[in-house]
Amino acid sequence: MVKIGFITRNPSVKQLPKQTKEILIRSLIDYAKELGYQYVGGWVSDEYTKKAFRDIGFTETSNNVSEFLAKIN
C-alpha cells in the first residue's frame with residue numbers, strides 16, 4: 001500500500017489546467033504499480049482534490065478529511 005498525502009500547488013500560479021491534479025494522481029498510481037504496490041490511499045481536505053480522486057474512481061471513506069482507496073491492477 002502506498003499513501004498519497006496532501007497535494008499542494010504553487011501559489012503564484014493562479015490557473016492550473018483542470019486535469020493537473022488527475023494527471024499527478026494517475027502518475028503516482030503508475031509509479032506505485034512499478035514498485036509492485038496493489039493499493040493506493042490518500043487523504044484529502046480540499047474539494048477540488050476530492051473531486052479529482054472521485055473522478056479517477058477512488059472510494060471515499062469519511063467526511064471531514066476525506067480518505068480515498070483504490071486497488072490498482
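Tutor: Rings of Phe, Tyr and Trp pair if their centres lie within 6.5 Å, and planes over 60 degrees apart count as edge-to-face. Keep in mind that this model is predicted.

Student: How many aromatic pairs does the structure hold?

Tutor: Two rings pair when their centres lie within 6.5 Å. By that rule, the structure's count of aromatic pairs is one.

Student: What is the geometry of Phe 53 and Phe 58?

Tutor: A ring pair is described by the distance of the centres and the angle of the planes. For Phe 53 and Phe 58, the centres are 4.9 Å apart. Their planes meet at 85°, so the pair is edge-to-face.

Student: Is Phe 58 buried or exposed?

Tutor: The cut-off for buried is under 20% relative accessible area. Phe 58 has 7%, so Phe 58 is buried.

Student: Which residue lies over the face of Tyr 39?

Tutor: Here NZ of Lys or CZ of Arg must be within 6 Å of the ring centre. The distance from the ring centre of Tyr 39 is 5.3 Å, and the residue is Lys 71.

Student: Which residues form a nonpolar patch on the surface?

Tutor: Patch members need over 30% relative accessible area. Tyr 37, in the loop between helix 1 (20-34) and strand 2 (39-44), has 33% and is partly exposed. Together the patch has about 310 Å² of accessible area, and its residues are Tyr 31, Leu 35 and Tyr 37.

Student: How far apart in space are Leu 24 and Ala 52?

Tutor: Leu 24 is found in helix 1 and is partly exposed at 37%. Leu 24 and Ala 52 are 28 residues apart in sequence. Their C-alpha to C-alpha distance is 9.8 Å.

Methods. Residues numbered from 1 in each chain as written. Predicted model: local features only at pLDDT ≥ 70, side-chain atom pairs only at ≥ 80, totals over all residues. Heavy atoms only, no water. Patch = residues over 30% accessible without salt bridge, like charges linked within 9 Å, V, L, I, M, F, W, Y side chains within 5 Å. Areas by Shrake-Rupley, 256 points an atom, 1.4 Å probe, with all protein chains shown as cover. Salt bridge = Lys/Arg side-chain N within 4 Å of Asp/Glu carboxyl O. Helix = DSSP H or I, 4+ residues; strand = E, 2+ residues; numbered from the N terminus. Buried < 20%, exposed > 50% of the residue type's maximum accessible area, 1.4 Å probe, protein only. Phe/Tyr/Trp six-rings, centres within 6.5 Å; stacked < 30°, edge-to-face > 60°. Lys NZ or Arg CZ within 6 Å of the ring centre and 35° of its normal.
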